[in-house]
Amino acid sequence: MPLSPQRAVDELKELRELTSDDSGAQRLAWTDTWLRAREWFAKKLAELPVEHHYDSAGNNWATLRGASKKSLLIGGHLDSVPNGGWLDGSLNILAALEVLRRFASEFNGRPPVTIRIVDWADEEGARFGRSLLGSSAFAGTHSISSDRARTDRSGIKLEDALRHCGVEIDRFAEAEQERKDAAAYIELHIEQGPVLERLDLPLGVVLGTKGVERHIITFHGQEAHSGSTPMSARRDALAAAAKLALEIRDIARRHPDAVCTVGSLKTFPGIATAVVGRCEATLDQRDLDPRILARMYREAQEASHRFAEEEKCTVEWSRLWSIEPVPFHTELLALCEQAVREVSGSFHRLPSGPLHDAAEVSRAGIPTAMMFVQSLRGISHNKIEDTREDHLELSVTALDRLASKTVGWILR
Ligand SMILES: [Zn+2]
């Protein structure tokens, strides 16, 4: 059975038919629709000479035993956000399935190294607000003791939703056992941004995932009557925050791949007839280079103090979340570049702004590489998410090439 990229696209459509409605994909993790997607996938696996099991964190593993125990892992996620797209996470899995079929047939069920597909549990974190849940269990970076009490919108506890799917939180950390013999990890994903489309390239090599600094910045001024307070006497907390919201754009623009976002501004008392006494802004900064990230963070802090002073306010910072940049494996990136060039004639290297399971795997010390395929209009997490079918097929072929090259690298 030779590689059939067309079949991967057909199966993606089949999955879409089974798990979407008029608003988009509904494979929210730990729900019945997600379980239905996994059952559907299990039926596909049943036709192959593979062992299939769920680990103690709910990650879904298909293992094709090879002559060597050393394993090549190919990952993705069948879960989606609510009203999501048909490709995010699923393309990876269906492309990996096609690669697995090719290995099984070419080597009569016994390839030179063990090949494993992993469908990570709850990559999106859309229901309980904790992304990369399953892969963090695998990597040993999970925070399940603090996450267990999280609830979804209808008040259901994370712990109970997991139990509904056969996952016991107290055994969550045992998923680390799956790291045994893992020699390399590769992942194909849609880009979810506009970079490759703008360059008119189907495929890209992902350098790593950007580090993130995420903070709440609170400006304190003086709440005052909007009619009686002269302009010269105001201590307007919103004015200081607004200056910062504009300044962070210049802070980011000094670096080619950096991004900074003020995504939320809350004003208090938040009425038309009062000068803003307190303003809370969120700031999200990302770059692949830790020095650039640190510099942008420092510059934003300095700017916030300057604007607070100009507006006769004070400012305080509190960290919401942060993660260091995760660069992928240099030698595997070179193989990824070769694969992309062979299949599409050219390649582009780019960092990933969104986090991916690949970052968790890489943090666990497993050599990792990732490939992007172009997203139309750069839109994702939405039902209009799309990629040209010829590009989807190219991406399956490129992943297959990368898998073969990586097997050779494991055996070197
Ligand atoms: Zn994804």
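Helix 2 contains 15 residues and spans 21 Å between its first and last C-alpha atoms, close to the 21 Å expected at 1.5 Å a residue. The expected span is 1.5 Å times one less than the number of residues in the helix. The model is a predicted one, in which local features need pLDDT of at least 70 and side-chain atom pairs count only at pLDDT 80 or more, while totals for chains, interfaces and linings use all residues. Residues are numbered from 1 along each chain as its sequence is written. Helices (H or I, at least four residues) and strands (E, at least two) are DSSP runs, numbered from the N terminus.

The buried residues of helix 2 are Trp-34, Ala-37 and Phe-41. They cover an arc of only 60° around the axis, and are therefore on the same side of helix 2; the arc is that of the directions from the helix axis to the C-beta atoms. A residue is buried if 20 or more other C-beta atoms lie within 10 Å of its own, exposed if 12 or fewer, and partly exposed in between, with C-beta atoms placed from the backbone. Asp-32, Glu-39, Lys-43 and Ala-46 are exposed on the other side of helix 2. The cover over the buried residues of helix 2 includes helix 1, helix 3 and strand 6 (113–119).

Helix 1 (residues 5–19) also has 15 residues, and its first and last C-alpha atoms are 21 Å apart, close to the 21 Å expected at 1.5 Å a residue. Its buried residues are Pro-5, Ala-8, Val-9, Glu-11, Leu-12, Leu-15 and Thr-19. Seen down the axis of helix 1, these residues fall within an arc of 160°, so they line one face of the helix. The face turned away from the buried side carries the exposed residues Asp-10, Lys-13 and Glu-17. Among the elements that cover the buried residues of helix 1 are strand 1 (20–21), strand 2 (24–25), helix 2 (32–46), helix 3 (90–106) and helix 12 (389–410).

Two packed helices are described by the angle between their axes and the distance between the axes. The axes of helix 1 and helix 12 come within 8 Å and cross at roughly 120°. Helix 1 is therefore oblique to helix 12. Axes are lines fitted to C-alpha atoms, for helices over the stretch in contact, and angles run from 0 to 180 degrees between N-to-C directions. Angles under 35 degrees count as roughly parallel, over 145 as roughly antiparallel, 65 to 115 as roughly perpendicular and the rest as oblique. The contact (C-beta atoms, placed from the backbone, within 7 Å) involves Pro-5, Gln-6, Ala-8 and Val-9 of helix 1 and Glu-389, Leu-392, Glu-393, Val-396 and Thr-397 of helix 12.

A cis peptide bond, with omega about 5°, joins Phe-268 and Pro-269. Pro-269 lies in the loop between strand 11 (259–268) and strand 12 (274–275).

Thr-282 lies in strand 13 (residues 278–287) and is partly exposed, with 15 C-beta neighbours inside 10 Å. Not counting residues up to four places away in sequence, Thr-282 touches Ile-216, Val-262, Gly-263 and Ser-264.

Terms used:
Two residues are in contact if their C-beta atoms, placed from the backbone, lie within 7 Å.
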